[in-house]
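Dear colleague,

I am handing over the structure we spoke about, and I would be glad if you could look through it alongside the notes in this message.

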Amino acid sequence: MTCARLWRLAAIVVAVGSIAACQDLKEPLEVRATTLPDSADQMLIGMRVALTDGGVRRAELRADTALMYDDNARSELRSVNAVFFTPTGVQDATLTSREGTYNIRLGTMQARGDVVVNSTAGRRLTSQELRYDPGRNEVASDSAFRLTLPNGQVMQGVGFISDPDLNSVRVLKDPKASGARVTIPKQ
């Protein structure tokens, strides 16, 4: 057998093997971009930071673990807890989530994974993602959410903008309500 024939045979074997391997996949592989802990600039255990706007404490952010990246400008958080405050310093809501990101330069926070916000007035919001901006004093999301009011009314939709105590919620898409009579403002 000549060298050219061996190369052709090897190419055919590789092609047939590649096609056969592709046929065995039942569903596409999911590739998740993750930030590896070993590439972090720093690792903090038991992080606690105040989120402020103009010197006024708007929230206190805590995490079991914080991995610092981008010259310590971004923190990837695990087991997130936050407490929101009014401008006079009174607690008005709490947040929990599995993970999150804190942008130190902007002072903003993003919570991800089983996000729950409980206001001191008894309102409860659940979602998979939520952003908090202390400069605007608002929480927002583009994800599906569920808001339960103390009287049992339930509001759902996709995306919202609200103050942290969930007193003024604007639904961005597909608003639905159940329970007692609810008036949904036109948008």
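The pLDDT averages 82 over the chain, and 75% of the residues score at least 70. Where pLDDT is low, the predicted coordinates should not be read in detail.

The sheet

Nine strands make up an open sheet, ordered E1-E2-E3-E4-E5-E6-E7-E8-E9, with antiparallel pairing. The edges are taken by strand E1 (42–53) and strand E9 (169–178), each of which has a single partner strand, so that one side of each is left without a neighbour in the sheet. From one strand to the next, the twist averages 15 degrees. As one example of the pairing, strand E3 (residues 74–85) and strand E4 (residues 91–103) run antiparallel and are joined by eleven bridges, and Val 80 stands opposite Ser 97 in E4.

Ser 119 counts as buried because its relative accessible area, 8%, is under the 20% cut-off, and, leaving aside neighbours within four places in sequence, Ser 119 is in contact with Asp 92, Ala 93 and Asp 165. Asp 114, also placed in strand E5, is partly exposed at a relative accessible area of 45%, and its phi is near 50 degrees, a positive value in a residue other than glycine. A positive phi of about 50 degrees is also found at Asn 137, which is not a glycine; Asn 137 lies in the loop between strand E6 (124–133) and strand E7 (138–148). For context, most residues other than glycine have a negative phi.

The nonpolar core

The largest nonpolar core has 27 residues, and those with the most contacts inside it are Leu 61, Leu 77, Phe 84, Leu 95, Met 109, Leu 125 and Leu 130. Two or more residues each are given to this core by E1, strand E2 (56–69), E3, E4, E5, E6, E7 and strand E8 (154–162). If residues up to four places away in sequence are not counted, Leu 77 touches a set of residues that includes Met 47, Leu 61, Ala 63, Arg 98 and Tyr 102.

Charged pairs

A search of the whole structure finds eleven salt bridges. In one of them Arg 131 meets Glu 129, with an N to O distance of 3.1 Å; Glu 129 is buried at 11% relative accessibility, whereas Arg 131 is partly exposed at 32%. Arg 131 also meets Asp 142 in a salt bridge, at 3.8 Å from N to O. This second pair links distant parts of the chain, with Asp 142 in strand E7 and Arg 131 in strand E6, eleven residues apart. Asp 142 itself is exposed, at a relative accessible area of 53%.

Elsewhere, salt bridges that share partners join Asp 70, Arg 74, Glu 76, Glu 99 and Arg 112 into one network. Among its links is the salt bridge between Arg 74 and Asp 70, whose closest N and O atoms are 2.9 Å apart; both ends are partly exposed, Arg 74 at 22% and Asp 70 at 46%.

With kind regards

Notes: Residues are numbered from 1 along each chain as its sequence is written. This is a predicted model: local features need pLDDT of at least 70, side-chain atom pairs count only at pLDDT 80 or more; totals for chains, interfaces and linings use all residues. Side-chain values use heavy atoms; hydrogens and water are left out. pLDDT is the predictor's confidence in each residue, from 0 to 100. Buried means under 20% relative accessible area, exposed over 50%, partly exposed in between (1.4 Å probe, protein chains only). Contact means heavy atoms within 4.5 Å. Helices (H or I, at least four residues) and strands (E, at least two) are DSSP runs, numbered from the N terminus. Two strands pair if DSSP finds at least two bridges between them. Axes are lines fitted to C-alpha atoms, for helices over the stretch in contact, and angles run from 0 to 180 degrees between N-to-C directions. A nonpolar core is a set of buried Ala, Val, Leu, Ile, Met, Phe, Trp, Tyr and Cys residues joined through side-chain atoms within 4.5 Å. A salt bridge is a side-chain nitrogen of Lys or Arg within 4 Å of a carboxyl oxygen of Asp or Glu.
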